[in-house]
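Please find my notes on this model below. They are set out as numbered points.

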Amino acid sequence: MAKDELNTFKLVGTRPDRPDGLDKVTGRARYGADFSLPGMLHAAVVRSPHAHAKIVKIDASKALALDGVKAVVTRADLPTGLTGDEWDLQENTLAGEKALYDGHAVAAVAATSKLLAEEAARLIEVEYEVLPHVIHVDDAMAEGAPVIREGAADPTVPEGLHPNVVKYMEFGRGDVEAGFAEADLVMEKSYKTEATHQGYIEPHACVGQMGSDNKGEMWVCTQGQWFIRKMSAAVLGIEASQLRVTPSEIGGGFGGKTTIFMEPLSLALSKKAGGRPVKIVMTRSEVLRATGPTASASMDVKIGMKTDGTITGARAEFRMQGGAFPGAPVDMALYCAFAGYKLENVQHIGYDVLANRPKCAAYRAPGSPMGAFAVESLVDEMCRELKLDPIEVRIKNGVQTGDRASYGPKFGSIGLKEVLEAVKDHPNLQAELGPNQGRGFAVGYWFNHNGETSVSMAIGEDGTAQVSVGTPDIGGSRASVSLMVAETLGIPYEDVRVNVVETGALGVNEPTHGSRATFATGKAAVEATQGAIKEMCRRAAAEWGIDEEAVEWADGAAQPAGPNAGKFPPMTIKEIAAKMGSTGGPISGHHESVPDGVGASFGAHVVDLEVDPETGRVTILRYLVVQDAGRAIHPSYVEGQYQGGAVQGIGWALNEEYVYDDKGRLANSVFLDYRVPVASDLPMIDTVIVEVPNPGHPFGVRGVGETGITPPLPAIANAIHDAVGVRMTHLPINPPKLLAALKAK
Amino acid sequence: MTKVHVQTKINGDAVEFLADPRETLLDCLRDHVGLTGSKEGCGTGDCGACSVELDGTLVCSCLVLGVEANGKTVDTIEGMATGNDLHPLQRKFIEHAALQCGFCTPGILVAAKKLLEVNPDPTEEETRYWLAGNLCRCTGYDKIIRAVMDAAAEMRQEVA
Amino acid sequence: MGQVTVHLWSGLRRLTDGAETVEVEADTVGEMLDALSEAHPGVKPVLDAGVSVAVNGEILNGGRHKAVSPEDEIFLMQRMKGG
Ligand code: FES
Ligand code: FES
């Protein structure tokens, strides 16, 4: 759908400079590690060098004897009696009886300088009794695997499974066996993906301060200051409202900064050190060893297809490990796996399994990329087998508004078909391919999310607007919220300032996650603005001596609604604001809710690549992202989300993985070895923004942050098959692996 | 450890500080001089977020010791604009939305500035290889490359 | 109160005496969840750990007070999370 037909807005859909641009190109923007306070101490964390070990004894006496060392904390300093998720968070913050993975924090120390803290950390003696460990998901659920934690399984797990299986799920509909019987071709394959890291360039960093009265403050880089507050308070046994958390600018998160790692330690150390502020900045190696990675997956998929491409039955069984704690996104992976297909007969089975690895955190569309890799790879292979066009097969089986999703409920408004049609029309599909070159196609899906949202806005004395939001701005959300508020008020974009505020300034907000900031914060900001507009209309009505209902808001001014209201010249926002002190006081608007009307987003990618048959190296030649945005508020940042997501997916497909040695230690905990895509690996990333407006948002926004990481995994595997005729079923497809597959051909 | 007195010229100003010999130039800039624009993404020379010029050479300041800067000039992101006049690269980065989180931006701008000094008319490929040591996790590089090439084009016109 | 039909995920069958859809008396999402726990105490810990509820295709998070009626199509889903 052409944008011009739909877009009648003045500002929404334009590309103004972002409000924080100047600070960010001059080095002035303050990120997590840039914050300091007078009298501040620095902390270092002692981490387990073992994948699985009993902690026999911790002796910090030598460290504490150093001049300038002010405090040491171990698990013994934290409250006991936590359960469920809160226990998991506490256990991950500091190990209790056992260290559960290489890099698991065991103790922390604060001293007058960073170098001294590091020296003190080396002097803390920890006696371990090394236990057998397990790293890979299939091993972890096999008989005889070391038990990571007894009794961690939730009631959904059937009897007889290994205690490392902590969650089991099963859902579907129809009769898959009958579906397979109806098919002309039934194929079944197994796939694996390895754990990857979000790879934000900014390491975790915070400054925490807490006194003996348990009142605290924290400055931290996070996607969600209220999550940090709630989780830190739980881990430390303090009251949430006594902790004030201020988010810094954030140097990337991708889901990995929606939870706590070392943040509570800064508060615990500060309290022990007489309330002096304590700064903790992770090293890159700590980031890779102890934060965020996503799950690794082992997956079986079976699909039945007729010769015309109709899918008659589909079954997925996914096993994922998400580290030493429950929470691998196997549920989301299964929900997304077949989301693009209209299916009568479908079955899903999933296992969440513990292994001796760091606690997984959300990573962009958690679970969806793995599921898509398995399903979209198999669908592609079946299209090849039946000599069918893979795009037509997606269109044929593709879900549309009102269809029943593979995971149960019916879809609201969705734009998969529009996305697929836009792909077909794109010139990249006409590009000629040479020898060892191939083209791959795949579809991806993400639900998008609403979440708790609280926004406050106020009109300034000069008729400008300030908006307080609780979702940290990672990729331009201040610009998009400004656009929406300015559009609603009918004032220039520059007249709006959006501030990301601390926990003391608003009600609870969920983090910037689930692609929700522009949707949920934007929707709440528009609602809050409507509240202020209503008040401004009321003030104008009082001034004119007419009914409130007889006033409407247009073009940045209160206007008499229709000829019967009376003849008054429009009263501009500036005029109303200038007088507000004498007409009833400040004018503001608030909105608190879990906004409904979330719109899901489908995307489809097309990649052209070349395989070097000598080395197995893959070069991306062309890359196309087509995705439904609902409405692009600031198209540049929508494109940016598409491009960034695609490139993270490319890294996952081709290079990135957690590599463990035989002792269960992470073998690649620096960027040199954990290789993320660099500029010279890539071509330009072409984008097409499809806009099928979401009726649940005042401007039609769906949320665009996550879907884009999903299709690259299968699209690249499909393109490699197209180029050289080998089917890669285990990511990453790095040169040695691909070369071996070529040799085995 | 005894600290060492270091005398440097940073962004044109004479600056002195005391450095522990174990501290990197990046640590000294951030912790002793108060210039936090240069970022630490890795501390191992792999991400380029700490890029500065040392006597005109582009370096990762996390790989240089603070004491090595003695008697040398250091140019950081904080010195890139002239007063309120942004360098064309800085303007183009904002205009092209070449940053999302912005954490890689200072290092990339410093590195790109050097590129345009040695090669005022880089091809896309040259730009990509020059910036291969600067990781950006957010943007997929597309808009960064466009911004650099557009700034180069504008600067060539100004010169001509 | 109206009688609403709740579609569970089939992994919960073991906790609901084999039932994959359960009928309960409820006018709101919250009442529905409470009634479900009461009828099948086995699912209570799963519900308490957090679930999402889809009503006519709209996935509600934190919508305990949302009204439900017998015509609504209600699905219980695993708790949604995002990156
Ligand atoms: S911090 Fe110096 S290269 Fe990464
Ligand atoms: S903009 Fe975030 S790392 Fe480059």
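1. In this predicted model, B:Asn134 has contacts beyond its neighbours within four places in sequence: B:Cys47, B:Gly48, B:Ser51, B:Gly107, B:Ile108, B:Ala111 and B:Tyr141. The residue belongs to the loop that runs between α4 (124-130) and α5 (142-159) of chain B.

2. The side chain of B:Asn134 is 3.1 Å from the backbone oxygen of B:Gly48, and one of its polar atoms lies 3.4 Å from the backbone oxygen of B:Gly107. The relative accessible area of B:Asn134 is 5%; because the cut-off for buried is under 20%, B:Asn134 counts as buried.

3. Chain B is assigned two domains, domain 1 (4-79) and domain 2 (88-159). The contact between them draws on 15 residues of domain 1 of chain B and 14 residues of domain 2 of chain B. Their centres, taken over C-alpha atoms, are 22 Å apart.

4. About 1,100 Å² is buried between domain 1 and domain 2 of chain B, with 62% of it on carbon and sulfur atoms. On the domain 1 side, 41% of the buried area comes from B:Glu53, B:Leu58 and B:Ile77, more than from any other three residues.

5. What polar pairing is found across the interface of domain 1 and domain 2 of chain B? There are two salt bridges by the rule, and four residue pairs are in polar contact, both residues at pLDDT 80 or more. Strand β3 (residues 51-54) of chain B gives the most to the domain 1 side, with three residues. By class, that side has five nonpolar, six polar and four charged residues. B:Glu53 also forms a salt bridge with B:Lys114, at 3.6 Å from N to O.

6. The contact of chain B with chain A takes 47 residues from chain B and 53 residues from chain A. The two chains bury about 4,100 Å² between them, 59% of it on carbon and sulfur atoms. B:Ile94, B:Gln100 and B:Arg137 account for 21% of what chain B buries against chain A, more than any other three residues.

7. Six salt bridges are found across the interface of chain B and chain A. One joins the side chains of A:Glu639 and B:Lys143, at 2.6 Å from N to O. On the chain B side, α1 (25-32), α2 (88-95), α3 (105-118), α4 and α5 each supply at least two residues. That side comprises 20 nonpolar, 10 polar and 17 charged residues.

Methods
Residues numbered from 1 in each chain as written. Chains lettered and ligands numbered in written order. Predicted model: local features only at pLDDT ≥ 70, side-chain atom pairs only at ≥ 80, totals over all residues. Heavy atoms only, no water. Helix = DSSP H or I, 4+ residues; strand = E, 2+ residues; numbered from the N terminus. Buried < 20%, exposed > 50% of the residue type's maximum accessible area, 1.4 Å probe, protein only. Polar contact = N/O pair within 3.5 Å; in protein donor to acceptor, adjacent residues only side chain to side chain. Contact = heavy atoms within 4.5 Å. Domains from an automatic or database assignment. Buried area = accessible area lost by both parts, 1.4 Å probe. Salt bridge = Lys/Arg side-chain N within 4 Å of Asp/Glu carboxyl O. Nonpolar A, V, L, I, M, F, W, Y, C, P; charged D, E, K, R; others polar.
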